[in-house]
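Please find below a colleague's note on the structure shown here.

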Amino acid sequence: MASRFLRELTIRQLRALAAVHSDRSVTAAAKRLHLTQPAVTLQIRNLQGLAGLPLIQRTGDGMLLTDAGREVLALSERIEAAITDCETSLEMMAGKTAGRISIGAVSTAKYFVPFMISGFSRLHPNVNVTLSIGNRQEIGTALRGYDLDFAIMGRPPADIDMDVRLIGDHPHVIIAPTGHRLARKSRIALADLAEETFLMREPGSGTRGLMEQLFETARLRPRIGMAMSSNETIKQAVIAGLGIAFISAHTVATELDERRLVTLDVVGLPVVRQWFVLSRKDKILLPPARAMLDFLGARGAQFLPRTRGRVRLTRPSARGKR
(Lines give C-alpha, C1' and ligand atoms only; values in the text may rest on other atoms or scores of the structure.)
Protein backbone atom coordinates (compact mmCIF):
# COMPACT_ATOMS: atom_id res chain seq x y z
CA MET A 1 0.00 0.00 0.00
CA ALA A 2 2.82 2.41 0.84
CA SER A 3 4.45 2.26 -2.60
CA ARG A 4 1.06 2.67 -4.34
CA PHE A 5 0.21 5.57 -2.03
CA LEU A 6 3.41 7.40 -2.99
CA ARG A 7 3.09 6.54 -6.68
CA GLU A 8 -0.56 7.51 -7.19
CA LEU A 9 -1.09 10.28 -4.65
CA THR A 10 -1.93 13.66 -6.27
CA ILE A 11 -2.01 17.27 -5.17
CA ARG A 12 -5.65 17.50 -6.26
CA GLN A 13 -6.60 14.71 -3.87
CA LEU A 14 -4.83 16.41 -0.98
CA ARG A 15 -6.37 19.78 -1.78
CA ALA A 16 -9.82 18.22 -1.96
CA LEU A 17 -9.33 16.77 1.53
CA ALA A 18 -8.03 20.11 2.87
CA ALA A 19 -11.01 21.97 1.38
CA VAL A 20 -13.53 19.52 2.88
CA HIS A 21 -11.76 19.88 6.24
CA SER A 22 -11.88 23.69 6.02
CA ASP A 23 -15.51 23.97 4.90
CA ARG A 24 -16.92 20.76 6.47
CA SER A 25 -18.92 20.26 3.30
CA VAL A 26 -18.25 18.65 -0.07
CA THR A 27 -20.50 21.22 -1.75
CA ALA A 28 -18.64 24.17 -0.22
CA ALA A 29 -15.28 22.51 -0.96
CA ALA A 30 -16.27 22.12 -4.62
CA LYS A 31 -17.12 25.82 -4.83
CA ARG A 32 -13.77 26.75 -3.21
CA LEU A 33 -11.85 24.57 -5.68
CA HIS A 34 -13.97 25.58 -8.72
CA LEU A 35 -14.89 21.93 -9.31
CA THR A 36 -18.12 19.99 -9.44
CA GLN A 37 -19.33 18.18 -6.34
CA PRO A 38 -18.91 14.74 -8.00
CA ALA A 39 -15.32 15.64 -8.90
CA VAL A 40 -14.46 16.42 -5.28
CA THR A 41 -16.23 13.28 -4.10
CA LEU A 42 -14.19 11.23 -6.58
CA GLN A 43 -10.90 12.79 -5.38
CA ILE A 44 -11.75 11.97 -1.76
CA ARG A 45 -12.83 8.42 -2.67
CA ASN A 46 -9.60 7.79 -4.58
CA LEU A 47 -7.52 9.22 -1.71
CA GLN A 48 -9.30 6.99 0.80
CA GLY A 49 -8.67 4.03 -1.46
CA LEU A 50 -4.95 4.79 -1.50
CA ALA A 51 -4.87 5.29 2.27
CA GLY A 52 -6.85 2.12 2.92
CA LEU A 53 -8.70 3.88 5.74
CA PRO A 54 -11.69 6.22 6.03
CA LEU A 55 -10.44 9.83 6.06
CA ILE A 56 -13.68 11.74 6.67
CA GLN A 57 -16.89 11.08 8.53
CA ARG A 58 -20.30 12.71 8.32
CA THR A 59 -21.53 14.23 11.62
CA GLY A 60 -24.14 16.67 12.80
CA ASP A 61 -21.45 19.37 12.56
CA GLY A 62 -20.61 18.52 8.95
CA MET A 63 -17.81 16.48 7.41
CA LEU A 64 -14.99 15.93 9.92
CA LEU A 65 -11.62 14.24 9.53
CA THR A 66 -10.86 10.91 11.16
CA ASP A 67 -7.49 10.35 12.85
CA ALA A 68 -6.22 8.96 9.53
CA GLY A 69 -7.61 12.01 7.74
CA ARG A 70 -5.74 14.36 10.07
CA GLU A 71 -2.53 12.46 9.37
CA VAL A 72 -2.99 12.92 5.61
CA LEU A 73 -3.93 16.58 6.15
CA ALA A 74 -0.63 17.14 8.00
CA LEU A 75 1.17 15.71 4.94
CA SER A 76 -0.83 18.07 2.72
CA GLU A 77 0.19 21.09 4.81
CA ARG A 78 3.89 20.17 4.59
CA ILE A 79 3.64 19.72 0.83
CA GLU A 80 1.81 23.05 0.38
CA ALA A 81 4.47 24.80 2.48
CA ALA A 82 7.22 23.24 0.34
CA ILE A 83 5.43 24.34 -2.85
CA THR A 84 5.14 27.89 -1.52
CA ASP A 85 8.85 27.95 -0.63
CA CYS A 86 9.74 26.71 -4.11
CA GLU A 87 7.51 29.31 -5.75
CA THR A 88 9.15 32.09 -3.73
CA SER A 89 12.62 30.87 -4.64
CA LEU A 90 11.75 30.77 -8.33
CA GLU A 91 10.28 34.28 -8.18
CA MET A 92 13.45 35.57 -6.53
CA MET A 93 15.60 33.89 -9.17
CA ALA A 94 13.46 35.45 -11.89
CA GLY A 95 13.85 38.89 -10.32
CA LYS A 96 10.11 39.36 -9.83
CA THR A 97 10.27 40.02 -6.09
CA ALA A 98 12.71 40.20 -3.21
CA GLY A 99 10.65 37.59 -1.35
CA ARG A 100 7.89 37.09 1.14
CA ILE A 101 7.94 36.51 4.88
CA SER A 102 5.07 35.12 6.96
CA ILE A 103 5.37 35.80 10.68
CA GLY A 104 3.05 35.21 13.61
CA ALA A 105 2.79 36.90 16.98
CA VAL A 106 0.77 36.32 20.11
CA SER A 107 -1.82 39.05 20.63
CA THR A 108 0.15 40.65 23.47
CA ALA A 109 3.00 41.32 21.01
CA LYS A 110 0.85 43.34 18.60
CA TYR A 111 1.76 46.50 20.52
CA PHE A 112 5.36 46.42 19.29
CA VAL A 113 5.68 43.94 16.41
CA PRO A 114 4.49 46.50 13.80
CA PHE A 115 7.43 48.72 14.83
CA MET A 116 9.79 45.78 14.36
CA ILE A 117 8.39 45.19 10.87
CA SER A 118 8.73 48.89 10.08
CA GLY A 119 12.37 48.88 11.20
CA PHE A 120 13.15 45.86 9.04
CA SER A 121 11.22 47.22 6.04
CA ARG A 122 13.30 50.40 6.03
CA LEU A 123 16.34 48.21 5.40
CA HIS A 124 14.57 45.83 3.01
CA PRO A 125 11.79 47.81 1.29
CA ASN A 126 11.06 45.15 -1.36
CA VAL A 127 10.32 42.34 1.09
CA ASN A 128 6.61 41.64 1.62
CA VAL A 129 5.86 40.80 5.27
CA THR A 130 2.54 39.28 6.35
CA LEU A 131 1.61 39.22 10.04
CA SER A 132 -0.80 36.84 11.78
CA ILE A 133 -2.00 37.61 15.32
CA GLY A 134 -3.49 35.01 17.68
CA ASN A 135 -3.25 33.63 21.19
CA ARG A 136 -0.48 31.24 22.19
CA GLN A 137 -2.50 28.18 21.21
CA GLU A 138 -3.37 29.55 17.77
CA ILE A 139 0.21 30.59 16.95
CA GLY A 140 1.46 27.19 18.11
CA THR A 141 -1.00 25.52 15.74
CA ALA A 142 0.19 27.71 12.85
CA LEU A 143 3.80 26.73 13.56
CA ARG A 144 2.88 23.04 13.60
CA GLY A 145 1.21 23.44 10.22
CA TYR A 146 4.25 25.14 8.66
CA ASP A 147 2.11 28.24 7.99
CA LEU A 148 4.71 30.63 9.46
CA ASP A 149 8.38 31.32 8.79
CA PHE A 150 8.75 32.26 12.45
CA ALA A 151 6.79 33.56 15.41
CA ILE A 152 7.22 36.06 18.23
CA MET A 153 5.97 34.77 21.57
CA GLY A 154 7.00 33.83 25.07
CA ARG A 155 7.55 30.22 26.09
CA PRO A 156 8.25 28.13 22.95
CA PRO A 157 5.93 25.17 22.20
CA ALA A 158 7.33 22.08 23.91
CA ASP A 159 6.40 19.65 21.15
CA ILE A 160 8.24 21.34 18.25
CA ASP A 161 12.00 21.41 17.72
CA MET A 162 12.63 25.16 17.52
CA ASP A 163 15.43 27.59 16.73
CA VAL A 164 14.95 30.09 19.59
CA ARG A 165 16.44 33.59 19.83
CA LEU A 166 15.97 35.94 22.77
CA ILE A 167 14.51 39.39 22.10
CA GLY A 168 14.19 40.82 25.61
CA ASP A 169 12.38 40.88 28.95
CA HIS A 170 8.60 40.70 29.16
CA PRO A 171 7.26 42.02 32.51
CA HIS A 172 3.75 41.27 33.76
CA VAL A 173 1.93 43.46 36.27
CA ILE A 174 -1.44 43.85 37.98
CA ILE A 175 -3.39 46.89 36.80
CA ALA A 176 -6.25 48.76 38.46
CA PRO A 177 -8.24 51.97 37.92
CA THR A 178 -6.37 55.05 39.15
CA GLY A 179 -8.94 55.53 41.92
CA HIS A 180 -8.54 52.01 43.29
CA ARG A 181 -8.26 51.69 47.08
CA LEU A 182 -4.78 50.13 46.77
CA ALA A 183 -3.45 52.50 44.09
CA ARG A 184 -1.18 54.40 46.50
CA LYS A 185 -0.30 51.51 48.79
CA SER A 186 3.20 50.01 48.72
CA ARG A 187 4.30 46.40 49.17
CA ILE A 188 0.86 44.82 48.73
CA ALA A 189 0.74 41.10 49.54
CA LEU A 190 -0.79 38.88 46.88
CA ALA A 191 -3.16 37.55 49.55
CA ASP A 192 -4.54 41.10 49.97
CA LEU A 193 -6.00 40.77 46.47
CA ALA A 194 -7.98 37.61 47.26
CA GLU A 195 -11.26 39.53 47.47
CA GLU A 196 -10.64 41.54 44.29
CA THR A 197 -12.41 40.58 41.05
CA PHE A 198 -9.91 39.63 38.36
CA LEU A 199 -10.59 40.03 34.65
CA MET A 200 -8.60 37.51 32.64
CA ARG A 201 -7.78 36.29 29.14
CA GLU A 202 -9.42 33.33 27.45
CA PRO A 203 -8.19 29.72 27.76
CA GLY A 204 -5.16 29.16 25.54
CA SER A 205 -3.69 32.57 26.36
CA GLY A 206 -0.14 32.62 27.69
CA THR A 207 -0.98 35.53 30.01
CA ARG A 208 -3.80 33.54 31.57
CA GLY A 209 -1.53 30.54 32.07
CA LEU A 210 1.08 32.70 33.79
CA MET A 211 -1.51 34.26 36.10
CA GLU A 212 -2.86 30.83 37.06
CA GLN A 213 0.68 29.68 37.79
CA LEU A 214 1.33 32.76 39.97
CA PHE A 215 -1.71 32.14 42.18
CA GLU A 216 -1.22 28.37 42.32
CA THR A 217 2.33 28.89 43.58
CA ALA A 218 0.97 31.20 46.30
CA ARG A 219 -1.79 28.67 47.09
CA LEU A 220 -4.44 31.29 46.46
CA ARG A 221 -7.58 31.17 44.37
CA PRO A 222 -8.45 34.56 42.85
CA ARG A 223 -12.03 35.64 42.36
CA ILE A 224 -12.60 35.51 38.60
CA GLY A 225 -14.97 37.91 36.89
CA MET A 226 -15.13 37.85 33.10
CA ALA A 227 -12.82 36.11 30.63
CA MET A 228 -12.04 38.23 27.58
CA SER A 229 -10.30 37.46 24.31
CA SER A 230 -8.33 40.70 23.95
CA ASN A 231 -6.07 42.89 26.06
CA GLU A 232 -7.86 45.99 24.76
CA THR A 233 -11.19 44.82 26.18
CA ILE A 234 -9.57 43.96 29.50
CA LYS A 235 -7.96 47.40 29.75
CA GLN A 236 -11.24 49.19 29.06
CA ALA A 237 -13.06 47.00 31.57
CA VAL A 238 -10.48 47.80 34.26
CA ILE A 239 -10.72 51.51 33.49
CA ALA A 240 -14.52 51.18 33.82
CA GLY A 241 -14.10 49.70 37.31
CA LEU A 242 -15.21 46.13 36.57
CA GLY A 243 -12.15 44.63 38.25
CA ILE A 244 -8.39 44.41 38.17
CA ALA A 245 -6.19 42.34 35.85
CA PHE A 246 -2.88 40.56 35.54
CA ILE A 247 -1.50 41.68 32.20
CA SER A 248 1.62 42.29 30.16
CA ALA A 249 3.21 45.65 31.00
CA HIS A 250 3.89 46.06 27.28
CA THR A 251 0.15 46.29 26.57
CA VAL A 252 -0.59 49.15 28.98
CA ALA A 253 2.28 51.59 28.32
CA THR A 254 0.02 54.25 26.79
CA GLU A 255 -2.67 53.99 29.48
CA LEU A 256 -0.05 54.30 32.23
CA ASP A 257 1.45 57.40 30.61
CA GLU A 258 -2.02 58.92 30.25
CA ARG A 259 -2.80 58.02 33.91
CA ARG A 260 -5.91 56.06 33.02
CA LEU A 261 -4.52 52.99 34.77
CA VAL A 262 -2.19 52.27 37.68
CA THR A 263 0.02 49.26 38.35
CA LEU A 264 -0.40 47.93 41.88
CA ASP A 265 2.82 47.58 43.88
CA VAL A 266 2.43 43.87 44.64
CA VAL A 267 5.22 41.94 46.34
CA GLY A 268 6.90 39.62 43.83
CA LEU A 269 5.75 41.60 40.81
CA PRO A 270 6.46 42.26 38.06
CA VAL A 271 6.70 38.66 36.92
CA VAL A 272 9.36 38.82 34.22
CA ARG A 273 9.36 36.38 31.33
CA GLN A 274 11.06 36.79 27.97
CA TRP A 275 10.10 37.49 24.39
CA PHE A 276 11.54 35.13 21.79
CA VAL A 277 11.58 34.92 18.03
CA LEU A 278 11.46 31.28 17.06
CA SER A 279 11.24 29.11 13.96
CA ARG A 280 10.96 25.42 13.23
CA LYS A 281 14.35 23.77 12.77
CA ASP A 282 12.95 21.63 9.98
CA LYS A 283 11.55 24.58 7.99
CA ILE A 284 13.84 25.98 5.31
CA LEU A 285 14.02 29.75 5.62
CA LEU A 286 14.78 31.68 2.46
CA PRO A 287 17.16 34.68 2.54
CA PRO A 288 14.49 37.35 3.33
CA ALA A 289 13.13 35.38 6.30
CA ARG A 290 16.64 34.58 7.49
CA ALA A 291 17.55 38.29 7.27
CA MET A 292 14.53 39.29 9.36
CA LEU A 293 15.25 36.55 11.89
CA ASP A 294 18.81 37.88 12.28
CA PHE A 295 17.49 41.46 12.49
CA LEU A 296 15.07 40.64 15.32
CA GLY A 297 17.66 38.60 17.20
CA ALA A 298 20.15 41.48 17.06
CA ARG A 299 17.91 44.55 17.32
CA GLY A 300 14.48 43.39 18.45
CA ALA A 301 14.89 44.60 22.04
CA GLN A 302 15.01 48.24 20.97
CA PHE A 303 11.39 48.03 19.78
CA LEU A 304 9.97 46.79 23.09
CA PRO A 305 7.87 49.40 24.96
CA ARG A 306 9.67 51.18 27.80
CA THR A 307 8.28 50.13 31.19
CA ARG A 308 10.79 51.43 33.73
CA GLY A 309 9.44 54.36 35.72
CA ARG A 310 5.86 54.11 34.50
CA VAL A 311 4.52 52.90 37.83
CA ARG A 312 5.40 56.21 39.46
CA LEU A 313 3.99 58.25 36.60
CA THR A 314 0.53 56.85 37.16
CA ARG A 315 0.26 57.72 40.84
CA PRO A 316 -0.88 61.18 42.01
CA SER A 317 1.98 63.02 43.67
CA ALA A 318 1.81 64.41 47.20
CA ARG A 319 2.09 67.91 45.73
CA GLY A 320 -0.96 67.25 43.52
CA LYS A 321 -3.07 66.32 46.57
CA ARG A 322 -2.47 69.50 48.46
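1. The buried residues of helix α9 pack against β6, β7 (197–201), β8 (223–228), β9 (244–248), α10 (253–257) and β10 (261–263). Contact here means heavy atoms within 4.5 Å. The helices (H or I, at least four residues) and strands (E, at least two) are DSSP runs, numbered from the N terminus. This is a predicted model, in which local features need pLDDT of at least 70 and side-chain atom pairs count only at pLDDT 80 or more, whereas totals for chains, interfaces and linings use all residues. Residues are numbered from 1 along each chain as its sequence is written, and side-chain values use heavy atoms, with hydrogens and water left out.

2. Which residues of α9 (residues 231–239) are buried? They are Asn231, Ile234, Lys235, Ala237 and Val238, where buried means under 20% relative accessible area with a 1.4 Å probe, protein chains only. Viewed down the axis of α9, these residues fall within an arc of 165°, so they line one face of the helix; the arc is that of the directions from the helix axis to the C-beta atoms. Just after α9, glycine 241 adopts a positive phi of about 90°.

3. The largest nonpolar core has 35 residues, of which Ile101, Ile152 and Met292 touch the most other members. Such a core is a set of buried Ala, Val, Leu, Ile, Met, Phe, Trp, Tyr and Cys residues joined through side-chain atoms within 4.5 Å. Two or more residues each come from β3 (100–106), α6 (113–123), α7 (136–144), β5 (150–153), β6 (162–177), β11 (271–280) and α11 (287–299). The largest share, 5 residues, is that of α11.

4. Residues up to four places away in sequence aside, isoleucine 101 touches Phe120, Val127, Asn128, Val129, Thr130, Asp149, Phe150, Pro288, Ala289 and Met292.

5. Is glycine 62 buried or exposed? Glycine 62 counts as buried, because its relative accessibility is 19%. Glycine 62 is found in strand β2 (residues 62–65). Apart from neighbours within four places in sequence, glycine 62 is in contact with Arg24 and Gln57. Its C-alpha atom is separated by 8.5 Å from that of aspartate 23, 39 residues apart along the chain.

6. For the chain as a whole, there are 13 helices and 11 strands. Buried residues make up 46% of the 322 residues. Of the contacts with a separation of 6 or more, 75% are accounted for by residues 24 or more positions apart.

Conventions: Buried < 20%, exposed > 50% of the residue type's maximum accessible area, 1.4 Å probe, protein only.
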